[in-house]
Amino acid sequence: MATDKHFLERIPNGIYFLLIIGAMSYITLYPLGLPIPVTEMTRATYRAVEALGEGDIMLVDQGYGAGTIASHEPGFVVMFKHAMRKGVKLVILSTSVEGPLLLDSALAKINPEARGYVYGTDWLHVGYVAGGEPAYAAILQDFYSTFTVDYAGTPLSGMPLAHELQAPTYEKIAMVYVQSAGGDVCQGWIRQSAVRYDIPMIQQPLEMMVPTILPYFPINCQGILNGGIGAAEYESVSGLPGEAVKLSDMLSMGGLVCLIFLILGNIGFYLKPKGGN
Amino acid sequence: MSSSRRMYQRQIPLAITFIVGMIVSFDWFVKWEPLQTLTTTLMNFQIVMVAFMMGFAGVNLVYLHTKRIQRNMSDNKLFDVLLSAILLACLFIWIIVGVGIGQQSDLYKWLFNTFNQSLSATAYAATLFYLASSTYRVLRIRSAETGLLLLVGFITICANIPLFKAWFPILGTILVWISDGLVKYSYRAITIGVGLGGILMGVRTLLAMETGYLGATEE
């Protein structure tokens with residue numbers, strides 16, 4: 001079929017995709033190591049965590065799946081490391097079915113036991129929780145009655161950290177950290193913890209979901225990590241470098257190719273012969 | 001509809017909705033321990049119901065695809081039969097391994113890491129190419145409005161790329177202006193509007209003026 005499009009508008013997808021893959025692969029092999037400018041959202045997140053004291057409890061919704069692991073796992077790892085540095089205790093649950101199965105990979109990079117963090121005393125993992133927003137409300141009211149065993153099936157009755165979370169749980173939680181690809185999860189946590197109990201909250205949604213959370217920042221949500229870039233910025237500002245910094249370079253190159261093609265497409269649009277439909 | 005049937009299908013569910021809704025609503029405003037305990041119990045009940053619904057969905061999936069296999073076998077659509085068979089096989093393998101051996105077992109983790117994680121990550125990563133392709137082929141400056149849209153989009157993309165932000169720090173300032181000045185407040189207005197709509201919907205549901213959640217009922 002004949003087309004009236006300029007050739008700059010008709011570059012085959014195959015070439016375009018190969019260029020994206022090539023650019024991202026190249027930068028993975030030869031990182032630029034550019035400085036990462038830190039946004040106010042990330043600085044606010046860092047300040048909120050820095051304000052926590054030793055022994056404070058952070059409730060973490062590790063609500064990411066395999067699809068977004070590249071963005072979310074570095075955020076989880078750096079936050080866990082920062083919390084350990086501050087002596088903050090962590091209670092991990094997941095609003096994603098896949099979340100608990102992805103935790104092993106993150107824990108292998110953190111290695112909490114080697115750093116003196118004892119399971120059941122300093123951190124706890126209770127696995128997947130179904131039920132959406134009412135479940136968040138139930139957890140914050142009485143964590144101990146909502147969960148009876150941890151993810152491995154060990155009764156919580158033998159764990160000191162679980163005992164600390166007896167009703168009213170919301171009085172014992174110093175911060176909620178939510179990682180999710182879904183805006184409903186992020187907003188649900190804001191409604192149930194930040195709005196209702198005024199618990200400080202930080203979130204790491206995907207980049208595309210950040211505008212959904214922005215209206216709550218910084219009143220109900222003290223900090224936002226802008227997806228994978230936010231994790232890279234957090235690694236930079238906290239002095240705990242990890243995998244997100246590499247991701248930052250990859251995003252730069254992938255984005256650069258997209259932008260070049262966006263410009264080429266528009267140049268082609270204006271160069272093509274006018275007339276017809 | 002007979003009066004007894006009407007009672008079971010409408011009046012009792014509406015009464016339960018009203019009572020549960022009022023308890024949970026009051027708990028938001030009144031800090032009274034027995035009420036909090038009752039609310040927590042109701043919330044926990046909801047968690048159990050969702051878990052049950054997920055199991056029910058699994059049973060429904062088996063029923064649906066068993067029927068589909070039977071129908072496609074008779075229509076000689078063997079590829080469709082194969083797809084349904086793969087789905088059912090995966091479902092049963094995961095249930096047997098997960099319930100029988102446990103989610104902590106090496107086999108379950110192997111299944112997850114080998115199949116689920118790889119496929120899920122691949123499917124998500126593939127959307128990048130669709131997005132990139134659509135950005136290239138669709139976004140054109142055809143009018144002043146689309147020009148403005150593209151300009152804002154262009155700046156936002158540039159400002160979200162660490163490379164550009166490092167080279168041109170002014171981009172970060174512009175992005176903050178767009179986020180704080182345009183996105184945050186317009187989105188906040190939308191959120192407040194949606195919230196008011198939600199409150200209205202909740203009140204209508206509690207007062208039995210909104211009965212869509214009961215499904216189709218005969219009048």
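Visitor: Before we start, what sort of model is it?
Guide: This is a predicted model.

Visitor: How many helices and strands does chain A have?
Guide: Chain A has 11 helices and 6 strands. Its C-alpha trace spans about 75 × 40 × 35 Å along the principal axes.

Visitor: And what share of chain A counts as buried?
Guide: Of its 277 residues, 50% count as buried. Among the contacts in chain A with a separation of 6 or more, 76% are between residues 24 or more positions apart.

Visitor: What is the order of the strands in the sheet?
Guide: The 6 strands of this open sheet in chain A follow the order β3-β2-β1-β4-β5-β6, and the pairing is parallel. In general, strands of a sheet pair through backbone hydrogen bonds, in either the parallel or the antiparallel sense.

Visitor: Which strands stand at the edges?
Guide: Those are β3 (123-128) and β6 (223-224) of chain A. Each has a single partner strand, so one side of each has no neighbour in the sheet.

Visitor: What about β1(A), which strands does it pair with?
Guide: Strand β1 (residues 57-63) of chain A pairs in the parallel sense with strand β4 (residues 173-180) of chain A, over 7 bridges. It also runs parallel to β2(A), to which 5 bridges join it. On the β4(A) side, A:Met58 stands opposite A:Met175; in β2(A), A:Val91 is the residue opposite A:Leu59.

Visitor: Is β1(A) mostly covered or exposed?
Guide: Mostly covered: 7 of its 7 residues are buried. A:Ile57, A:Leu59, A:Asp61 and A:Gly63 point one way, while A:Met58, A:Val60 and A:Gln62 point the other way. In a regular strand, side chains alternate between the two faces of the sheet.

Visitor: Which helix lies across β1(A)?
Guide: That is α3(A), which lies across β1, β2 (89-94), β4 and β5 (201-205) of chain A. The helix runs at about 160° to β4(A).

Visitor: Which residues touch the most other members of the largest nonpolar core?
Guide: They are A:Met58, A:Leu90, A:Val91, A:Val176 and A:Ile213, in a core of 78 residues. Helix α3 (residues 69-86) of chain A provides the largest share of this core, with 8 residues.

Visitor: What is A:Leu90 in contact with?
Guide: Leaving aside neighbours within four places in sequence, A:Leu90 is in contact with A:Met58, A:Val60, A:Phe80, A:Ala83 and A:Trp123.

Visitor: Switching to chain B, what is it made of?
Guide: Chain B has 7 helices and 0 strands. Its radius of gyration is 26 Å, well over the 17 Å that the globule rule gives for 219 residues, so chain B is more spread out than a compact globule. The C-alpha trace of chain B spans about 70 × 55 × 40 Å along its principal axes, and 8% of the residues of chain B count as buried.

Visitor: How many residues of chain B are in contact with chain A?
Guide: 46 residues of chain B are in contact with 47 residues of chain A. The most on the chain B side come from α4(B), which gives 14 residues. By class, that side has 25 nonpolar, 15 polar and 6 charged residues.

Visitor: Where is B:Val97, and what does it touch?
Guide: B:Val97 is in helix α3 (residues 78-101) of chain B. Not counting residues up to four places away in sequence, B:Val97 touches B:Leu107, B:Tyr108 and B:Leu111. It has 18 C-beta neighbours inside 10 Å and so counts as partly exposed.

Visitor: Back in chain A, which peptide bond is cis?
Guide: One that is cis runs from A:Phe217 to A:Pro218, with omega near 5°. A:Pro218 lies in the loop between α9 (210-213) and β6 of chain A. Most peptide bonds are trans, and most residues other than glycine have a negative phi.

Visitor: Where is A:Asn111, and what is its phi?
Guide: A:Asn111 is in the loop between α4 (99-110) and β3 of chain A. Its phi is near 55°, a positive value in a residue other than glycine. A:Asn111 is exposed, with 10 other C-beta atoms within 10 Å.

Technical notes:
Residues numbered from 1 in each chain as written. Chains lettered and ligands numbered in written order. Predicted model: local features only at pLDDT ≥ 70, side-chain atom pairs only at ≥ 80, totals over all residues. Helix = DSSP H or I, 4+ residues; strand = E, 2+ residues; numbered from the N terminus. Rg over C-alpha atoms; globule rule 2.2 N^0.38 Å. Buried ≥ 20, exposed ≤ 12 C-beta atoms within 10 Å, placed from the backbone. Contact = placed C-beta atoms within 7 Å. Nonpolar A, V, L, I, M, F, W, Y, C, P; charged D, E, K, R; others polar. Core = buried A, V, L, I, M, F, W, Y, C linked by C-beta atoms within 7 Å. Pairing = 2+ DSSP bridges. Axes fitted to C-alpha atoms, helices over the stretch in contact; angles between N-to-C directions.
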